[in-house]
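Here are a few friendly notes to read alongside the coordinates. I have kept them as numbered points so that you can check each one in your viewer.

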Amino acid sequence: MIAGTKAETVIAIIEKIPLKQRNLVTEITLDMAGNMGLIAKKSFPNATRVIDRFHVQKLATEALQEIRIKYRWQAIDQENEALEKAKRNKKRFEPELLTNGDTVKQLLARSRYFLYKNKSKWTSNQLQRALLLFELYPDIKEAYTLSQELRNIFENTTDKIIGFARLAKWLEKVNQSGFKSFNTISRPIINHYQNILNYFDTRSTNASAEMKFMNSL
């Protein structure tokens, strides 16, 4: 959908398709945007709405990255202060290096990409960097674990009732963690809980829907 397009405009266009044909649509995958839900509900009344699991997982990885970025800014500030102190004392500034050759600032910057991955897909360098990162920042380790646990729920659950229980347990862990970024993303998950759970019925995603469309051409 074109950014900035009003839901009413899109609905008016879709409603040019006869209702009989639109009623044949049985399932729609979408994100958690309110306008998308409204369009799907009004335009395809018989369709089950399924929140794409990858949009849910993206919220968790963004919350994790927010925590990493917070610590990176702290490291930048600390290095700048140390540099200014060295200048005042007319000394050469030499940042402390970790065992892998990174400074703390570099470690936090270079950790960005492997935090998106399951640890089984880390390279040896990424594994070494992760061990250092998690030792220095237990909060990042806990947040990474939360993001991976959410991924595992979607990947390893085939029963909707079990999915309901596991997702509820995950939300309780989020609540107990005290991470502001994760508590922020828990709200839209709770608000769209039923449509997220619909994923476990057919395991549909936008990617799978697009593949089915391409195969039909």
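1. Does the length of H4 agree or disagree with what its residue count should span? Helix H4 covers residues 53-88, and at 1.5 Å a residue its 36 residues should span 52 Å. The C-alpha atoms at its ends are 53 Å apart, which agrees. After H4 comes lysine 90, which has a positive phi, near 55°.

2. Next, the partner of H4. The axes of H4 and H7 lie 9 Å apart, at an angle of about 175°. An angle over 145 degrees counts as roughly antiparallel, so H4 is roughly antiparallel to H7. On the H4 side, the residues in contact include Val56, Leu64 and Tyr71, and on the H7 side they include Ile140, Leu150 and Phe154. By class, this contact of H4 with H7 holds 10 nonpolar, two polar and five charged residues.

3. H7 (residues 138-156) also packs against helix H6 (residues 124-136), at an angle of about 115° and with 5 Å between the axes. The two helices are therefore roughly perpendicular. Leu133, Phe134, Glu135 and Leu136 of H6 meet Pro138, Ile140, Lys141 and Tyr144 of H7. Six of the residues in this contact of H6 with H7 are nonpolar, two are charged and none is polar.

4. Finally, a word on confidence. The protein chain has an average pLDDT of 91, and 93% of the residues score at least 70. Residues 210-217 have pLDDT below 50, and beyond near neighbours in sequence this stretch has one contact in the model. Where pLDDT is low, the predicted coordinates should not be read in detail.

Definitions and conventions
Residues are numbered from 1 along each chain as its sequence is written. This is a predicted model: local features need pLDDT of at least 70, side-chain atom pairs count only at pLDDT 80 or more; totals for chains, interfaces and linings use all residues. Side-chain values use heavy atoms; hydrogens and water are left out. Helices (H or I, at least four residues) and strands (E, at least two) are DSSP runs, numbered from the N terminus. The expected span of a helix is 1.5 Å times one less than its number of residues. pLDDT is the predictor's confidence in each residue, from 0 to 100. Contact means heavy atoms within 4.5 Å. Axes are lines fitted to C-alpha atoms, for helices over the stretch in contact, and angles run from 0 to 180 degrees between N-to-C directions. Angles under 35 degrees count as roughly parallel, over 145 as roughly antiparallel, 65 to 115 as roughly perpendicular and the rest as oblique. Ala, Val, Leu, Ile, Met, Phe, Trp, Tyr, Cys and Pro count as nonpolar, Asp, Glu, Lys and Arg as charged, and the others, Gly among them, as polar.
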